[in-house]
Amino acid sequence: MMPLLVACSLLCAWSPLTTRADESLDAGFTALDQGDFDVAAAAFDAALAGDGLSRPELVALLEARAALHFALHDEAALDADLGWLAALDPGHAFGDDRPPDLARRFVEIEQHHPGALEVVATALPSDASVGVRARVERVPEGMDVRLRVCTRQERAAWRCVDGGQASSPLSASGGVYYYAEALGPGGAVVASAGSASDPLHLAPPVESGVVEPTTPTLTPGTSTEPSAQEVPSRGHGLAIGLGIGGGALLVALTVVLALTLGGNAGIHVRAPTVR
């Protein structure tokens with residue numbers, strides 16, 4: 001009779017009007033450690049039906065409830081808990097206080113599970129607005145999940161709506177920020193695409209136009225001519241060629257002058273040496 005009175009008092013205290021889901025979770029942990037399986041089961045159910053659980057708290061609840069069902073030899077309920085756990089926390093490591101056979105059973109369940117629960121969100125612009133659509137993939141059997149989509153413009157407050165789609169005006173200056181999340185048992189965010197602190201972003205459209213050529217503005221003392229250091233290296237060959245051509249021209253002039261002034265007798269011409 002006494003355990004029944006305790007269970008009744010705990011269930012009454014776990015009314016959504018008087019307590020939070022995390023308080024029910026703590027009571028369930030305590031009851032499980034004390035071996036009060038009925039009380040623990042009732043507390044876990046109340047936590048899952050409430051609101052305010054975090055994702056790590058939900059994972060801890062599923063591990064504890066799986067241990068409870070393992071102790072009660074309830075294989076169907078055990079496999080359901082482990083399937084939820086595989087969707088939320090792939091590769092989950094059980095505590096040292098859990099039976100080794102429980103961890104081995106989890107590995108077997110996870111091998112046949114399709115993968116982690118995931119939210120996919122897309123933003124599609126139209127004439128003057130953006131439609132955001134979200135969907136959740138690989139939801140384990142029996143888990144109730146609802147979607148919530150949030151949007152905002154640059155430096156504006158978030159606007160969140162329940163369901164898998166939302167719309168927002170398209171800002172020409174900053175585009176649209178958005179994210180989507182899946183809320184699971186106990187109100188926990190079990191998966192998300194983006195977040196309020198790290199949202200997804202659809203940039204505003206870039207208007208096409210012709211870029212007009214610009215004329216550089218010169219300040220006094222500047223020039224558009226290249227400096228000596230900017231002359232390409234291939235220009236050195238031209239300078240050498242001019243030097244050689246100039247030397248040949250000098251020889252020709254010397255010969256002409258000599259023939260004109262003194263004839264061709266005794267003329268000795270030595271070409272300049274080009275170094």
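Me: How many of the 14 residues of α5 are buried?

Reply: The model is a predicted one. Helix α5 covers residues 75–88, and a residue counts as buried under 20% relative accessible area. Those that qualify in α5 include Ala77, Leu78, Asp81 and Trp84. The helix is mostly covered, and the number of buried residues is 10.

Me: What covers the buried residues of α5?

Reply: The buried residues in question include Leu82, Gly83, Leu85 and Leu88. Their cover includes the elements α4 (55–71), α6 (100–111) and β7 (189–193).

Me: Are α4 and α5 roughly parallel or roughly antiparallel?

Reply: The axes of α4 and α5 lie 9 Å apart and pack at an angle of about 155°. Angles over 145 degrees count as roughly antiparallel. The relation of α4 to α5 is therefore roughly antiparallel.

Me: How many residues of the contact of α4 with α5 are charged?

Reply: On the α4 side the contact includes Arg55, Arg65 and His69, and on the α5 side it includes Asp81 and Trp84. The residues of this contact comprise 11 nonpolar and one polar, and the number charged is three.

Me: At what angle do the axes of α2 and α3 cross?

Reply: Helix α2 spans residues 21–33 and helix α3 residues 37–49. The two are roughly antiparallel to each other, and α2 passes α3 in a left-handed crossing. Their axes come within 8 Å, and the crossing angle is roughly 160°.

Me: How many residues of the contact of α2 with α3 are nonpolar?

Reply: Helix α2 contributes residues including Leu25, Gly28 and Phe29, and α3 contributes residues including Phe37, Val39 and Phe44. The contact contains two polar residues and no charged ones, and the number of nonpolar residues is 13.

Me: Is Thr151 buried or exposed?

Reply: Thr151 is placed in strand β3 (residues 146–152). Leaving aside residues up to four places away in sequence, Thr151 touches several others, among them Val132, Trp158, Arg159 and Tyr177. Its relative accessible area is 1%, and the cut-off for burial is under 20%. Thr151 is therefore buried.

Methods
Residues numbered from 1 in each chain as written. Predicted model: local features only at pLDDT ≥ 70, side-chain atom pairs only at ≥ 80, totals over all residues. Heavy atoms only, no water. Axes fitted to C-alpha atoms, helices over the stretch in contact; angles between N-to-C directions. Helix = DSSP H or I, 4+ residues; strand = E, 2+ residues; numbered from the N terminus. Parallel < 35°, antiparallel > 145°, perpendicular 65-115°, else oblique. Left-handed = near helix turned anticlockwise from the far one by under 90°. Contact = heavy atoms within 4.5 Å. Nonpolar A, V, L, I, M, F, W, Y, C, P; charged D, E, K, R; others polar. Expected span 1.5 Å × (residues − 1). Buried < 20%, exposed > 50% of the residue type's maximum accessible area, 1.4 Å probe, protein only.
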